[in-house]
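Please read them with the model open beside you.

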Amino acid sequence: MVRDNFLQRKKAVLSKLDKSSIGDWDGPIKPLCEKVNKKEGFYTTSSCSGRAVLMVEQEKKAKGLFMKVSHELISFEWLKKALVELEEKGNKELIKFKLEQPILHVACKDIDVASEFLEKAKHVGFKRSGILAHGKNIILELSSTERLEFPIMNQGKILVSDDFLRLIVKLSNEKLKRGWLKIKELKKLS
């Protein structure tokens, strides 16, 4: 009976429309999600391959917080243009730059398969990962460590120099590539 309920939940979740901001899996994580979802004991509930974001600094998530988002490598031109556009709009809020690490949530049929998958994920570098159990649901949260986050604009003024923006771009792209490599390695092991 437990197995049937898991398979029913899997079918229901995977048949729903994607509610993410881009409406589909990010390119680098798509092959891993497809592989996970083909396995009987697992299904993905959410994923992100990593992204660079300019967003309003706020405690709670709300609509309209993201000012600019990229799930791909960024350039100095991309970042500078986005900041200048915000400056020209006269945005007075505190804006932060955030590079988010790869993250994947996987529903698992039982604790044994969740533990096995968790060990594989930690082996390839998803160090901030764990198993969350809530009632009948066992969710594996896989999170890597490639992060950056800091204020970049305040009261309509860019807070950092172009040299610092170039450094942000370099570090962000290195971290995105490192996260994507971990995703590929996990796909090989799963």
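1. H71 counts as buried, at 15% relative accessibility, where buried means under 20% relative accessible area, exposed means over 50%, and partly exposed lies in between (1.4 Å probe, protein chains only). H71 is found in the loop between β3 and α3 (76–89), and its C-alpha atom is separated by 14 Å from that of M55, 16 residues apart along the chain. Helices (H or I, at least four residues) and strands (E, at least two) are DSSP runs, numbered from the N terminus.

2. A word on the basis of these notes: this is a predicted model, in which local features need pLDDT of at least 70 and side-chain atom pairs count only at pLDDT 80 or more, while totals for chains, interfaces and linings use all residues. Residues are numbered from 1 along each chain as its sequence is written, and side-chain values use heavy atoms, with hydrogens and water left out.

3. Strand β8 (residues 148–154) pairs with β9 in the antiparallel sense over two bridges, and N154 stands opposite K157 in β9.

4. Axes here are lines fitted to C-alpha atoms, for helices over the stretch in contact, and angles run from 0 to 180 degrees between N-to-C directions. S172 is found in helix α5 and is buried, with a relative accessible area of 0%. Not counting residues up to four places away in sequence, S172 touches I74, F97, L99 and L148, contact meaning heavy atoms within 4.5 Å.

5. Helix α2 (residues 30–38) packs with helix α5 (residues 162–189) at an angle of about 25°, with their axes 9 Å apart. That makes α2 roughly parallel to α5, since angles under 35 degrees count as roughly parallel, over 145 as roughly antiparallel, 65 to 115 as roughly perpendicular and the rest as oblique. In this packing, P31, L32 and K35 in α2 meet I183, L186, K187 and K188 in α5.

6. A second open sheet, of four strands, has the order β1-β5-β7-β6 with antiparallel pairing. Here β1 (42–48) and β6 stand at the edges with a single partner strand each, so one side of each is left without a neighbour in the sheet. Neighbouring strands of this sheet are turned by 20° against each other on average, direction ignored. Strand β5 (residues 103–108) and strand β7 (residues 137–143) run antiparallel and are joined by six bridges, with C108 opposite I138 in β7. Helix α4 (residues 111–124) lies across β1, β5, β6 and β7, and runs at about 0° to β7.

7. I131 is found in strand β6 (residues 130–134) and is partly exposed, with a relative accessible area of 28%. Leaving aside neighbours within four places in sequence, I131 is in contact with I111, A114, S115, L118, I138, I139 and L140. The C-alpha atoms of I131 and E141, ten residues apart along the chain, are separated by 6.2 Å.

Note on methods
Two strands pair if DSSP finds at least two bridges between them.
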